There are 2 protein chains.
Amino acid sequence: VKIAVIGAGGWGTALAKILSEKGLEVVLWCREEDVRNAIADRGENHRFLPGIPLPAGLKTTGSLEGAAGDSEVLLLAVPSPYLRSVASELAPWARGVANVVSATKGLEETTHFRMSEVISQIFEGVVPVVLSGPTFAREVALGEPTALVAASASFEGAREIQARFSTPSFRVYTNDDVLGVELGGALKNVIALAVGVATGLGLGHNPKAALMTRGLAEIARLVSAMGGKRETLFGLAGMGDLVLTCTGHLSRNRQVGIELGKGRPLEDVLSGMEQVAEGVRTTHAAVALSKEHGVEMPIVIQMERLLRGETTAEDVMRELMTRPLKPE
Amino acid sequence: VKIAVIGAGGWGTALAKILSEKGLEVVLWCREEDVRNAIADRGENHRFLPGIPLPAGLKTTGSLEGAAGDSEVLLLAVPSPYLRSVASELAPWARGVANVVSATKGLEETTHFRMSEVISQIFEGVVPVVLSGPTFAREVALGEPTALVAASASFEGAREIQARFSTPSFRVYTNDDVLGVELGGALKNVIALAVGVATGLGLGHNPKAALMTRGLAEIARLVSAMGGKRETLFGLAGMGDLVLTCTGHLSRNRQVGIELGKGRPLEDVLSGMEQVAEGVRTTHAAVALSKEHGVEMPIVIQMERLLRGETTAEDVMRELMTRPLKPE
């Protein structure tokens, strides 16, 4: 089986590494020439996975045609804003493909499409598989024990990816709720923002645990209203990824939240950053979806008001704590 | 309304403090004379909540009769091994009591009864209310925003406690699944042990997030088999408390796990500790319950084997990662 991994960021490179080490024939498409050369010449992705030796058998290419040519599995790991354009360029070369796998988290900015929806629109007749879960790329590359899900409307597709990708340190569970898995992976960033705000306010562990739990409950309500399963959110692609993002290494989303919590306005915070934090865009998407589906999402709403400068971090916490008392 | 808080550890004292500050008449039963004197003379529980000024209106007593005499609400916050004996001594004085609230987490060692079951056995005709959630006592005492549940088979009882105990920084949700709430609060300590083991092995964030997620799924399966609601485990008394225990300040349970992860045998680890970590006893209870109800709980089983010295920390992780591949 030949696998083309599209995108040589940290996550794409880590996946390419473990699949290549498993003995699969892997070609990694790198847009950036310097990354491509570093991997080819020195066996290292110095920009996105520095210090980690990559296997000699891992091939790279700068050509989508070269990557997709005779591959049976396409694994897309480009950032969400580029997925549609890259997939569109890729599709004409991907005639013999059996599985298209999305390892990209996020929603399309203007349409709020999930990544697997974008893929379905571009690759006709393909039932995509989504990989998601608590997976810091660097830890996967280092062989840390990692568990995640392969979700697909095709049970066979999910099973194939499970069998092909699993290793003794990379444990893949199948899941049939693609919508729940993808919304979990995208919307957790809004909760990470909120946990950052609590940190910026100098708050402790109790409020952060409450934000994570009640935040995940909001996302689960939305998923359920949209036809997915609440239960998915309490699995690896929901709770697992949320806990990782909110308590692991400091993410860009939490960092933005911390600065907002300290009282800095959003423009100020973003002006010092190369990329907009995913959670900022996702907050607006989440608000739109909550309105469209008539779901109450108080944390998401408060985060949007804070991002818009319509409230303060202190007021956000006060509003959340003093809502009418309810059943859980 | 007069409230008797039974037990002046950190949690009982913190609850007594916020209820007294809310304007309720609170009497705190302290077994230890030095603690009682310190609270009465200096307004400080120097042993369990050092440095936090307690309200002048907070009364203390060393007599269970004096505490229970004319109280309408009894709030039990003694450690689980003492709950039955303290409650038994208390019961004869508690004739006029409207609500008995358990703030104690854990299962009775020999019987595996939940704390609310013990209370029901001792206080005839009482429908207990259980308080549980992600609540570090010190943070509650400091006024950190905290969310938790009041669970009871009596909707009215849960509502009453919600109304009486809630403040702008202490947000109480009602819940009707007492079993799920209590098993969540008790069994989370087994997962905290497991996360400690991963830490002791030097593992990263991915495996810890996986252990928390899959560990909670095990507990949810057990609760469901016992007649409770899976969903409860994904709320404040389940996920919330689990995340707090596994990622907040280092708990005794995680500490024991860390030492086991480093390869020290259990006797060694426990010989240096004043109290047995709750998670050690709870692991045996969880294994017994899983067998009784026919529920697969691989993490719990591996933890028991490790506690018994029948396996090594490395083998625990290997066993967990290489089980047959499955749906999530």
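Me: How much area do chain B and chain A bury between them?
Reply: Keep in mind that this is a predicted model. The contact draws 56 residues from chain B and 56 residues from chain A. Of the area buried between the two chains, 60% is on carbon and sulfur atoms. The total comes to about 4,600 Å².

Me: Which element gives the most to the side of chain B that touches chain A?
Reply: There are 32 residue pairs in polar contact between chain B and chain A. On chain B, the elements supplying at least two residues each to the side that touches chain A include α6, β7, β8 and α10. By class, that side has 29 nonpolar, 18 polar and 9 charged residues. The biggest giver, with 9 residues, is α9(B).

Me: What is the N to O distance in the salt bridge of R230(B) and E231(A)?
Reply: The rule finds 2 salt bridges across the interface of chain B and chain A. In one of them, the side chains of R230(B) and E231(A) meet. Their N to O distance is 3.4 Å.

Me: Is N99(A) buried or exposed?
Reply: N99(A) sits in strand β5 of chain A, residues 99-102. Beyond its neighbours within four places in sequence, N99(A) contacts residues including E72(A), L74(A), E160(A) and R164(A). Its relative accessibility is 4%, and the cut-off is under 20%, so N99(A) counts as buried.

How values were computed. Residues are numbered from 1 along each chain as its sequence is written. Chains are lettered from A and ligands numbered from 1 in the order in which they are written. This is a predicted model: local features need pLDDT of at least 70, side-chain atom pairs count only at pLDDT 80 or more; totals for chains, interfaces and linings use all residues. Side-chain values use heavy atoms; hydrogens and water are left out. Contact means heavy atoms within 4.5 Å. Buried area is the accessible area (1.4 Å probe) that two parts lose on being put together, summed over both. A salt bridge is a side-chain nitrogen of Lys or Arg within 4 Å of a carboxyl oxygen of Asp or Glu. A polar contact is a pair of N or O atoms within 3.5 Å; within protein, one must be able to donate a hydrogen and the other to accept it, and residues adjacent in sequence count only if both atoms are side-chain atoms. Helices (H or I, at least four residues) and strands (E, at least two) are DSSP runs, numbered from the N terminus. Ala, Val, Leu, Ile, Met, Phe, Trp, Tyr, Cys and Pro count as nonpolar, Asp, Glu, Lys and Arg as charged, and the others, Gly among them, as polar. Buried means under 20% relative accessible area, exposed over 50%, partly exposed in between (1.4 Å probe, protein chains only).
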